[in-house]
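I opened this notebook to keep track of what I looked up, one topic at a time. The entries below follow the order in which I went through the structure.

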Amino acid sequence: MSSDQRFFDFLKERIGLDVTSVGPAIIERAVRQRSTASRSQTADEYWHTLQGSRDEQQALIEAVIVPETWFFRYPESFATLAKLATKRLADINNMRALRILSLPCSTGEEPYSIAMALLDAGLKPHQFKVEGMDVSPLSVEKAKHALYGKNSFRGQDIAFRDRHFIVEDDGYRLGERVLEQVRLQVGNLLDPALLANEPPYDFVFCRNLLIYFDQTTQQQVFEVLKRLTHVEGVLFIGPAEGSLLGRFGMRSIGIPQSFAFSRQSVLAPEAVPAFLPTQLPARQPVRSVTPPPVRSRPFATVTPLPVVTKAANPDAATLLANIAALANEGKSAEARAACESYLRSHEPVAQVFYWLGLLSDVAGSALEAQGFYRKALYLEPQHPDALMHLAALLQSQGDTAGARRLQDRAARSERADSERKR
Ligand SMILES: C[S@@+](CC[C@H](N)C(=O)[O-])C[C@H]1O[C@@H](n2cnc3c(N)ncnc32)[C@H](O)[C@@H]1O
């Protein structure tokens, strides 16, 4: 039943999930799990059940989605939002409430963080409204329930928890003041009629979803995101997704670690990037790696980002060496910021995605790491470190066959390399 293309195609069509981005193991596991739960004996039988039942279709989607999220993920982006929101209210003379969309919102941590950030910045409840949307009804239900465990509070600064949550026996319950700012509903980013009659949003958060789409779906989704973002609005995306946006006519607003893009003019960048004071845990030592020569990416038409000028733009090899040095010193946040800065100013290269993968891996975000390693391999299919690290990750997730395929690929590439050198 595993590796049955029908299931890959079904998920691609319904939620945009691209098997080569996440790897077949995640989808195969979900299909196995649902097939067992629905007592199907064969792939054909499960396929038949799936075709005949909307509930089963939703259950398969629930089994395959990655709801990983936490409060104030990428904290700088919320600080940036608060500044931009204050400015935007002044620009529109406080004539209406700001409209903010979090899609996908998963279990609610992102839209609630938006509301907490704005209330903490002094905005009044009538000055903004947040909408959260996700394809998973289960996640949306959890978001509405608004009771959270420790895993949702991962940053260093969790003082907001004391301000906005009430301790209960089984977790932390979000307070009414924040809850009232956020409306939650089920919605699919791939739905052509999505929010069709809604006015555009001043701020749109679409983070950690685009990495699971192939290029065609990304393009389709960018058109939707552009429609949803006000012409003077700002779109916040995930760290791995920035390099994609330039190609679709959006520009970084130049604020480090905010991953914020505008449809319009570029704002002045901050002089000094604000780094997160996190350290690489000792669990996995980062190997010293000499940066390889920079290769161009295999995209035919690329619109270069106009944000970084030549004078402020050190050459690629220097930046790569700097990333390696920061990562090797255990300066995780600085290394990540350097990767982001690289991707804003240069064409993406495998080595940068490899570093992002490694940094995510070490920070315990296995799925994010997988996405980055796959991007590295997309750009450079034989990248030895990305192959080996992704293999190790798959192995740790029980995907022995997937791990073996990557190890074989690495070994073949090493053999070819040494034959070339002879
Ligand atoms: C990794 S979470 C991201 C949550 C949050 N934006 C963040 O960055 O922390 C990805 C979410 O995307 C949702 N999702 C997947 N495909 C979707 C689609 N086509 N439309 C809307 N949501 C989708 C999943 O249900 C999951 O909750």
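What follows are my entries on a helix, some strands, a ligand and a database annotation.

**Entry on the model.** Before anything else I noted that this is a predicted model, and I kept that in mind for each entry.

**Entry on helix 5.** I asked myself which residues of helix 5 are buried. Going through residues 54-64, I found that the buried ones are Glu56, Gln57, Ala59, Leu60, Ile61, Glu62 and Val64. I then looked up what these buried residues pack against, and the partners are helix 1 (5-15), helix 3 (24-37), helix 4 (43-52) and helix 8 (137-145). At the N-terminal end of helix 5 I found a cap formed by Ser53, where a side-chain oxygen lies 3.3 Å from the backbone nitrogen of Asp55.

**Entry on the strands.** Next I looked at strand 5 (residues 171-174), which pairs with strand 3 (residues 147-148) in the antiparallel sense over two bridges. Within this pairing, I noted that Tyr148 has Tyr172 of strand 5 as its bridge partner. Strand 5 also pairs in the antiparallel sense with strand 4 (residues 165-168), over four bridges, and here Ile166 stands opposite Arg173. Strand 4 and strand 5 form a hairpin, with two residues between them. As a reminder to myself, I wrote down that in a regular strand the side chains alternate between the two faces of the sheet.

**Entry on Thr69.** I went back to the loop between helix 5 and helix 6 (75-91), where Thr69 lies. Is Thr69 buried or exposed? I found a relative accessible area of 12% for Thr69, which is under the 20% cut-off, and therefore Thr69 counts as buried. Leaving aside residues up to four places away in sequence, Thr69 touches Ser106, Thr107, Glu109, Glu110 and Arg154.

**Entry on the ligand.** I counted how many residues surround the ligand and wrote down 20, the closest being Thr69, Arg73, Asp134, Asn188 and Asn208. A polar side-chain atom of Thr69 lies 2.6 Å from an oxygen atom of the ligand, while a polar side-chain atom of Glu110 lies 3.0 Å from a nitrogen atom of the ligand. From Val135, a backbone N or O atom lies 3.3 Å from a nitrogen atom of the ligand. On its own the ligand has 600 Å² of accessible area, and the protein covers 97% of that.

Terms used
Residues numbered from 1 in each chain as written. Predicted model: local features only at pLDDT ≥ 70, side-chain atom pairs only at ≥ 80, totals over all residues. Heavy atoms only, no water. Buried < 20%, exposed > 50% of the residue type's maximum accessible area, 1.4 Å probe, protein only. Contact = heavy atoms within 4.5 Å. Polar contact = N/O pair within 3.5 Å; in protein donor to acceptor, adjacent residues only side chain to side chain. Pairing = 2+ DSSP bridges. Near = heavy atom within 4 Å. Areas by Shrake-Rupley, 256 points an atom, 1.4 Å probe, with all protein chains shown as cover.
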